[in-house]
Amino acid sequence: MAASDPGFNFDLDGDTLREECGVFGIYGHDDAAALTALGLHALQHRGQEAAGIVAFNGERFNSERRLGLVGDHFSNENTIKRLQGRVALGHVRYSTTGETILRNVQPLFAELATGGLAVAHNGNLTNGLTLRRELVAQGAICQSTSDTEVILHLVARSQKPRLVERYIDALRALEGAYSLVAMTNKKLIGARDPLGIRPLILGELNGAYILCSETCALDIIGARFVREVENGEVIVISEDGVESLRPFPRMHPRPCVFEYVYFSRPDSILGGRSVYEVRKQFGRQLAQEAPADVDVIIPVPDSGVPAALGYSQEAGIPFELGIIRNHYVGRTFIEPADHIRHLGVRLKHNANRALIEGKRIILVDDSIVRGTTSSKIVEMVRSAGAREVHMRIAAPPTTDPCFYGIDTPERDKLLASRYDVAGMAKYIGVDSLAFLSIGGLYRAMGLPGRDPVNPTFCDACFTGDYPISLDDVHGVEDRQLSLLVEPA
Ligand code: SF4
């Protein structure tokens, strides 16, 4: 299902992987908040449950944090007027750690001995609960249930004299995936975890510097891509310009490969590669690995489109839009009555009967999570008269959950952890099913294959090879985050 899809929040079965967050910060522009709102709008696919912006007007920090979409709140002129200043920091989120309640909406802000500090986080700390438990035992009072608040506490408690040193001190305690942007009254600070799991980009617009999750957020404001923040790098932006710090020992980077498969927008450039072109290459590779004698290649819209195009071009079989997506599915239908719930998939997708009837088809998608949506789509194209239905997935089977900032079902809910490929084919009701191999995934990106000792990417959801220890998963039994229940 399309991460870039405005109707993406419509997910009746929880049958998608969802990106946790997007971040956008800008330093040194008169329209900082308005540009941040636009940047967040371009990053909306990374989180649709809540959005927030903090701006510094030279004297005070102003914050607006809301549940809902960016456009629902930050297209309002009065809201932007309340966020005056030349420095602003914004965030869009899903909740993987902490419920969606307003006190969890980022950027989080704290008044420290050194002044105000706002933090926006993309990723997930694998020792967040452990750290939180230690802090609470020492007397810390936590307002949110978000692991990001732990970072504020750690900065507050550091004994270092300067804010940047305190901030780096706090980073040293963190394990997991983090692309962080923080803001003080004088600085914008970006940080990427030592493996660089989640993306972070540096851009520039008329002398103002930007830190954001994807290049599509630079495009929307006409900004220039400067470079990616490197794994383990801390970037400090101030009146003196851009300073790069390397406080951690250098490590081999392991960025998330699923950003290419599904999360990032296809018009973004990541790791020097066009996400769209990579997805097409996945489709080409898949056509080589798993051919089938069919009449037509049909993408599951929208995220299956580039891979289906690549498959079609490689196989020399026509590409057709055999499934049409309704662009106007919103939250109105998010909880339909039980007796029409089984029709849910048809609210979003409909088979194009004129193209499908009597044909042997291949459906191309980017992933199968629980399998519920795939089986409904297969049933839909069969009832539209498809003679044979084959499915090709432009990634390896998703066998393991993500603990680095992607909202995945538990392992036993993932179809690929429950069945082999033949069992999965039977479950979703197709004549044949095939996935891109893990080696093929790497080869499609121009690499010789997957180096098992030093893989180029984090690919744990396909291999179970987790590059960062999972302290909270293995060591904490009491996972209760909050005793306070608040209305969303
Ligand atoms: Fe990305 Fe999968 Fe690694 Fe999570 S486990 S960071 S989704 S590759």
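Hi everyone, let me start with a term: a residue counts as buried under 20% relative accessible area, as exposed over 50%, and as partly exposed in between. Keep in mind that what we are looking at is a predicted model.

R353 forms one with E357, and their closest N and O atoms are 3.6 Å apart. R353 has a relative accessible area of 41%, so R353 is partly exposed. E357, at 48% relative accessibility, is partly exposed as well.

Now compare a pair in another setting. The side chains of E259 and R198 meet in a salt bridge at 3.1 Å, N to O. This pair links distant parts of the chain, with E259 in helix α8 and R198 in the loop between β9 and β10, 61 residues apart. Are they buried or exposed? E259 has a relative accessible area of 1%, so E259 is buried. R198 is buried too, because its value is 0%. In the whole structure, the search finds 27 salt bridges.

On to the sheet. Four strands form an open sheet in the order β17-β20-β21-β23, with parallel pairing. The edge strands, each pairing on one side only, are β17 at 296-299 and β23 at 432-435. From one strand to the next, the twist averages 20 degrees.

Which helix lies across β20 and β21? That is α14, residues 372-383, running at about 150 degrees to β21. Helix α16 packs on the sheet as well, touching β21 and β23. Back on α14, its 12 residues reach 17 Å from the first C-alpha to the last, close to the 16 Å expected. Its buried residues include I377, V378, M380 and V381. After α14 comes G385, whose phi is positive, near 100 degrees.

Last, the interior. In soluble globular proteins, nonpolar side chains tend to be buried together. Here the largest nonpolar core has 44 residues, and I197, F258, F282 and I297 are among those with the most contacts inside it. Elements that each supply at least two residues of this core include α8, α9 and β20. Leaving aside neighbours within four places in sequence, the contacts of I297 include A308, Y311, F319, I362 and V364. There is also a second, separate core of 29 residues, which includes L125, V164, I168 and F248.

Technical notes
Residues are numbered from 1 along each chain as its sequence is written. This is a predicted model: local features need pLDDT of at least 70, side-chain atom pairs count only at pLDDT 80 or more; totals for chains, interfaces and linings use all residues. Side-chain values use heavy atoms; hydrogens and water are left out. Two strands pair if DSSP finds at least two bridges between them. Axes are lines fitted to C-alpha atoms, for helices over the stretch in contact, and angles run from 0 to 180 degrees between N-to-C directions. Contact means heavy atoms within 4.5 Å. A nonpolar core is a set of buried Ala, Val, Leu, Ile, Met, Phe, Trp, Tyr and Cys residues joined through side-chain atoms within 4.5 Å. Buried means under 20% relative accessible area, exposed over 50%, partly exposed in between (1.4 Å probe, protein chains only). The expected span of a helix is 1.5 Å times one less than its number of residues. A salt bridge is a side-chain nitrogen of Lys or Arg within 4 Å of a carboxyl oxygen of Asp or Glu.
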